[in-house]
Amino acid sequence: MVTLLYVSLCGISDIRHAAIKNGLHLGYLVVMVFVNAMANDGSARSYLLRTLTALFIFFPLYRFRLAGGADVKMLALTGATFGPMPMLNILLYAAICGSLLGLSTVFLTRIRRGTSRWTERQFLPVDALRPSWTGRVRRGPIFDQPIPLAACLAVGTWQQMMAEGGGRWLI
């Protein structure tokens, strides 16, 4: 239940404000450490170690500007909660969701502009894919709005929780 609430709040915050407060991540971390400490087998320490390992693994996404810092923290915390194999499924579901969201954004942008046919410039803005000298990716005419990665991760996490048997995660 806590994980479902956490990913839902992260997704909603990312959609509405394009940012996720650090307090939300910290609160989830504290609750999960407390829950794992109640197991009395040293799993609180293990949870913190899994979180740090996941942060180390997902940090290149932030470094190369493929994901925001809050998205990487969300990936690390859900990765520590679920483990490595379910996390691959979560990333797959999130990639599918993000692809559908990105394609729908491109088509809705085309419809809103009223263009009758695709041109190479509209379909693949090369300037948007070429990094600038500062290391940041330039925004092209189609990519006016960033895709909320946390919302896609929330959908992927929800799908993984239901695939594993939702009753286990509703506690």
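A quick word on the model: it is predicted, with local features needing pLDDT of at least 70 and side-chain atom pairs pLDDT 80 or more, while totals for chains, interfaces and linings use all residues. Residues are numbered from 1 along each chain as its sequence is written, and side-chain values use heavy atoms, leaving out hydrogens and water. Helices are DSSP runs (H or I, at least four residues), numbered from the N terminus.

Now show both helices whole, residues 22-37 and 69-82: the angle is about 15 degrees and the axes are 10 Å apart. Axes here are lines fitted to C-alpha atoms over the stretch in contact, and angles run from 0 to 180 degrees between N-to-C directions. Helix 2 and helix 4 are therefore roughly parallel, a label for angles under 35 degrees.

Next, keep helix 2 and bring in helix 3 (residues 43-63). Their axes come within 7 Å and cross at roughly 145 degrees. On the helix 2 side, pick Tyr 28, Leu 29, Met 32, Val 33, Asn 36 and Ala 37; on the helix 3 side, Ser 43, Ala 44, Tyr 47, Leu 48, Arg 50 and Thr 51. That contact has eight nonpolar, three polar and one charged residues.

Over to helix 1 (residues 2-17). Which of its residues are buried? Select Thr 3, Leu 4, Tyr 6, Val 7, Cys 10, Gly 11, Ser 13 and Asp 14, buried being under 20% relative accessible area with a 1.4 Å probe, protein chains only. They pack against helix 2, helix 4 and helix 8.

Zoom in on Ser 13, which counts as buried because its relative accessibility is 15%. Neighbours within four places in sequence aside, Ser 13 touches Ala 18, Ala 19 and Ile 20.

Last stop: just after helix 8, click Gly 165 for a positive phi of about 105 degrees.

How values were computed
Helices (H or I, at least four residues) and strands (E, at least two) are DSSP runs, numbered from the N terminus. Angles under 35 degrees count as roughly parallel, over 145 as roughly antiparallel, 65 to 115 as roughly perpendicular and the rest as oblique. Buried means under 20% relative accessible area, exposed over 50%, partly exposed in between (1.4 Å probe, protein chains only). Contact means heavy atoms within 4.5 Å. Ala, Val, Leu, Ile, Met, Phe, Trp, Tyr, Cys and Pro count as nonpolar, Asp, Glu, Lys and Arg as charged, and the others, Gly among them, as polar.
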